[in-house]
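These are my comments on the coordinates you sent.

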Amino acid sequence: MLILGNQIKTLNLQISYDTKLNNATYDALKAFQLNTINSDTSDLANSKLRDIEASANTFFNSVASNFNMAGYNQDILKEYVPALVYTMYDGYYIYSPYTNTLDDTNSNEVIINETTGETDQQSDAEILNEGNTDATYKEGDKISGLKPYIYYSCRYQRGTDDFVITYSLDNYITIQGTINGQWVYDYGYLLDNINITTSGSSVSYRYRGIPILNEETSEYVYDPDRDEIVNYQYIKINGVKYYKYENENDATNNGKWFSILNGTKYWQGQFDDTNSAAIKYYQEAYDFTQKIKNKTYIDSNGVTQNDGYGLTDLTGANAVDEDGNRLEELDENGNRTGIPKLGNYPIFDFGDTNSPDGSIEDQDSNFNQQRLAVIRYSIEKNLSIAIANYNNYSGVTANFQMPELKEDEWEKILNNVSIISFLQGLNIGGKVYNGYSIITNNKNEEVVSEDSIYIVTNDNQYHKANDNDLVGNTNINKGILNIDFERKSNTNSNGITRYFYPQENLGCYTSIVSQTNVNSTDNMYEYIASNGGTLAQVYFTALGRERYSMYKTNNNSDELKVKFGYIP
Amino acid sequence: MGDTLITVIAIGLAAVLMFVFPLMTMSDRTDDVSQLTVATATTEFVDDVRTTGKLTMDKYSKFVENISSTGNSYDVEMELQVLDENPGKKTTQAESTKIGENVYYTMYTSQILETLESGTLALKEGDIFSANVKNTNTTLSQQLKNFLYSVTGNDTYTIAAEHAGIVTANGTGN
């Protein structure tokens, strides 16, 4: 009877811990979301790191305050968190403890005598240890922090070809390596169903038969100089928005473009008035897709090119590890079975909507299957190492092991920006707690998913794209990225914080607030295309525009600006 | 004569001590186990709805099935507070220094079940979902207790669980 009572206590404690962990992880995600939406630089690598560090701190604070009842404080709880994982657009961060290592070699050292070129022959570690006891970092320190970004990448070998493909949360890939004897560093979106027709001097782009158009985009923004919230025309390039200043009382600056960074206005050169991001998205996706398909191809301008890669026969069986060994399934004794780990199907199964396999951007395409397999393999491998290594850092005598995640949980991780937290080794009487929590959310600057585009109608409401009210609706106005309906804040140089909504429309009650009237489609592309009309045009244009405008590490802002008619 | 009476009383007392009290303690433990099952199932159910943003008839039936496996009948009350951001949006747009306000409207069990019959109920980030479970039958331990001392009142449940929390994901993508 006593045993039963104890077991009940243990189980009750376990469920209460699960809930607390869920709540703490959600707090961490919310912190990340708020920071990315409100910061002008959230997509740049170092400020993304700052946002994630802040989010990790929120997690530990929240864990500490949630668990305070049980008598644990933040520092003690840190001992029980072997890893926090932040999955991002094209890779992920693992937050866990590591040993700080200073450079031990004597090469590449600092020149100490300019004239003779004599270098300091000491290693960094020796220099730092030389009586400098106040240094922040010491050799061999154990620090918790973010480990280097790991891309969702996989190495493939095929004949003499040896290259790495980096996948992302959508159909954007990066290829680096040797293909056909050439060094290749290329990236782009894979999209089927694009038609380009030229008649005279005009070129028209169609996606799934829907014409894509140029547009003018505008939104409300806090103008720090005027201390007002004004509706300006804008274009977004590599994650940064450039606004066109319009003020008839200010003749010198009227019509100039500017960007805002930390509450300060920076004047820029001139851009084109039309936002052609959507057309560029489909045009560049067309060229990149052709390149992957064939070695010799006809590009979007109708010119025959010879720099294609021809990767349609690449299969999952070509995947190798960092040592060049084929990735194979292992049996229970850890022996190689000869079965390819990542499948034996052609990865790039192009086709149009009429082909039996569907298009490459469809959820059930081979490409998507490979993408998910690579992401999962990469996370599983690195995370289990991080958690196993935690045994070397933790003062707790628990054996840290990676729990087995369920299939539906992987599903969530593979398609969304997510935070996975682990809490292990707490004694809950009779057994040791080993829990984890996965919280996912796509409402951030990281990714533009098919669900991220909202449709604005002329009655000043915004809807989900699969809202049944939009079918056959003639009042459709424009497509907008979901985070532009979120409240933003900006602080000017006088320290005044203003709150504003970039798009001031109201959420539709049946699709945004309560979501009772939405079509539950699995394939957004197909659903939208089959409805056609203004809805499809607005949706595909907005999806292309937002995907083309989002920040990507591969992008070069200066080159992109020129594409939008930039005159310094 | 007096001996016989004492013997009868002794037998009666012995019967109560040997049978009724162990039975009571055992049935009490059964209720404890039921209580644990119900508490676990409720927490899991609510947390699942919270983190997926989806409530389906399937999930609900499984939950009811789980708690019914304890052999008791239960009254399940659900409550969904739907966040309506629009009022906050109107005020902040007018006055840009105001941080905003959250307004919720509420759906209760019967409304939720009505929606479930015609499909999935999708929740969104920021909504609040809660479930409250109480037993409606009289469990064995309650019967035994009523036999010794009667507990009166309408709400004489012994097994109850409650869990609530904020929804963390959108049920229909974003």
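1. In chain A of this predicted model, three strands make up an open sheet with the order 10-11-12 and antiparallel pairing. Strand 10 and strand 12 (210–212) of chain A are its edge strands, each pairing on one side only. On average, neighbouring strands of this sheet are turned by 35 degrees against each other, direction ignored.

2. Within that sheet, strand 11 (residues 202–207) of chain A is joined to strand 12 of chain A by three bridges, and the two run antiparallel. The residue standing opposite A:I210 of strand 12 of chain A is A:Y207.

3. Two asparagines of chain A deserve a look at their backbone angles. Most residues other than glycine have a negative phi. A:N180, not a glycine, has a positive phi of about 55 degrees. A:N180 sits in the loop that links strand 8 (172–179) and strand 9 (182–189) of chain A. With 13 other C-beta atoms within 10 Å, A:N180 counts as partly exposed.

4. Is A:N193 buried or exposed? A:N193 has 22 other C-beta atoms within 10 Å; the cut-off for a buried residue is 20 or more, so A:N193 is buried.

5. Helix 9 (residues 524–531) of chain A has three buried residues to check: A:M524, A:Y525 and A:I528. Viewed down the axis of helix 9 of chain A, they fall within an arc of 100 degrees, so they line one face of the helix. An α-helix has 3.6 residues a turn, so residues three or four places apart point the same way. What do the buried residues of helix 9 of chain A pack against? Their partner is helix 10 (533–549) of chain A. Just after helix 9 of chain A comes A:G532, with a positive phi of about 60 degrees.

6. On the domain level, chain A is divided into domain 1 (2–88 + 369–440) and domain 2 (204–276 + 447–563). The C-alpha centres of domain 1 and domain 2 of chain A are 34 Å apart. Contact between them involves six residues of domain 1 of chain A and 10 residues of domain 2 of chain A. The domain 1 side of this contact in chain A divides into two nonpolar, two polar and two charged residues.

7. The contact between the chains takes 36 residues from chain A and 31 residues from chain B. On the side of chain B that touches chain A, the elements giving two or more residues are helix 1 (2–52), strand 2 (74–84) and helix 3 (86–94) of chain B. Helix 1 of chain B gives the most, with eight residues. By class, this side of chain B has 17 polar, eight charged and six nonpolar residues.

8. As for chain B itself, there are five helices and six strands, which follow the pattern α-β-α-β-α-β-α-β-β-α-β along the sequence. Of the 174 residues in chain B, 30% are buried. Among contacts in chain B with a separation of 6 or more, 78% come from residues 24 or more positions apart.

Note on methods: Residues are numbered from 1 along each chain as its sequence is written. Chains are lettered from A and ligands numbered from 1 in the order in which they are written. This is a predicted model: local features need pLDDT of at least 70, side-chain atom pairs count only at pLDDT 80 or more; totals for chains, interfaces and linings use all residues. Helices (H or I, at least four residues) and strands (E, at least two) are DSSP runs, numbered from the N terminus. A residue is buried if 20 or more other C-beta atoms lie within 10 Å of its own, exposed if 12 or fewer, and partly exposed in between; C-beta atoms are placed from the backbone. The arc is that of the directions from the helix axis to the C-beta atoms. Two residues are in contact if their C-beta atoms, placed from the backbone, lie within 7 Å. Ala, Val, Leu, Ile, Met, Phe, Trp, Tyr, Cys and Pro count as nonpolar, Asp, Glu, Lys and Arg as charged, and the others, Gly among them, as polar. Domain bounds come from an automatic or database domain assignment. Two strands pair if DSSP finds at least two bridges between them. Axes are lines fitted to C-alpha atoms, for helices over the stretch in contact, and angles run from 0 to 180 degrees between N-to-C directions.
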